[in-house]
Amino acid sequence: MQIQKLNKKTLTEYIHSDKFYQSDVIPISVQRAKSQIANPLVKPDDIMLLLAYEKNDLIGYLGVLPDDIYDNTGLKIHCGWMSCLWVDPGHRGKKIAQQLIEQCFDAWNGHILLTEFTTSAGALYHKMGIFSPFCTLEGRRWYIRSELANILPRKKEVFKYLWLLFKIGDIMINASTDVIKLFRHQKLKGYRLEYVDETDDEINHLVEKTITKQTFRRD
């Protein structure tokens with residue numbers, strides 16, 4: 001197996017090559033590749049895509065999104081987010097994902113961030129022992145939606161014959177909820193909302209003062 005590492009220049013060449021358009025597997029869309037290439041935080045040697053080949057077949061890939069973070073002292077650290085990881089189902093069990101991650105860590109000197117991963121992927125990361133917890137948010141997010149057509153038929157056999165009726169009810173209830181949310185304005189006591197076409201010195205000062213306290217400083 002060979003692993004090919006693509007930086008800003010080689011990624012540009014890759015998405016314009018016959019190899020990209022003739023491949024049965026698309027490791028990155030043209031739009032996403034162009035967006036990452038245009039990222040102002042990207043450095044010329046940053047590895048943004050790793051491709052695993054067996055002969056001429058693409059059997060796995062790993063994407064990286066370059067970024068900058070700041071520590072408590074204000075020191076800027078250049079790093080990359082693991083944005084995707086895929087291995088061909090017919091080649092699983094060969095430690096391809098592990099090799100892609102190891103090559104990624106090597107290319108970025110260990111400065112890799114990761115978030116929102118599946119349980120199976122989390123088991124691999126834990127087994128490799130290369131990630132340290134940075135920030136974990138625990139809790140629940142609630143969505144107010146009617147799902148009678150999906151829930152009730154599973155409970156009792158008789159409800160399966162009423163599936164269409166439940167589905168119509170779901171549509172009507174959810175449509176009503178959406179309309180109510182559309183016209184309901186949250187009242188902010190003591191605050192006034194103002195829409196502007198461009199920022200002025202006061203707004204710029206507020207943004208600059210705020211981002212100096214954040215790990216990810218977005219202007």
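## Contacts and burial

Take contacts (heavy atoms within 4.5 Å) between residues at least 6 apart in sequence: in the protein chain of this predicted model, 58% of them join residues at least 24 apart. Buried residues (under 20% relative accessible area, 1.4 Å probe, protein chains only) make up 28% of the 219 residues.

## Overall dimensions

The protein chain has a radius of gyration of 24 Å, whereas a compact globule of 219 residues would have one near 17 Å. That radius is taken over C-alpha atoms, and the globule rule is 2.2 Å times the number of residues to the power 0.38. The C-alpha trace spans about 60 × 55 × 35 Å along its principal axes.

## Strands and helices

The protein chain holds eight helices and five strands. These are DSSP runs, numbered from the N terminus (helices H or I, at least four residues; strands E, at least two). Their order along the sequence is β-α-α-α-β-β-β-α-β-α-α-α-α.

Strands β3 (residues 57–70) and β4 (residues 76–87) pair antiparallel over 11 bridges; pairing requires at least two DSSP bridges. Y61 has W86 in β4 as its bridge partner. Five residues separate β3 and β4 in a hairpin, and G74 in the turn has a positive phi of about 90°.

β4 also runs parallel to β5 (residues 112–113), joined by two bridges. There, I112 in β5 is the bridge partner of G80. From β4 the chain passes through helix α4 (residues 96–107) to β5, a right-handed β-α-β crossover. Right-handed means a clockwise path from the first strand over the helix to the second, with the strands pointing away from the viewer.

## Basis

Residues are numbered from 1 along each chain as its sequence is written. Local features need pLDDT of at least 70 and side-chain atom pairs 80 or more, while totals for chains, interfaces and linings use all residues; side-chain values use heavy atoms, without hydrogens and water.

Technical notes:
Buried means under 20% relative accessible area, exposed over 50%, partly exposed in between (1.4 Å probe, protein chains only).
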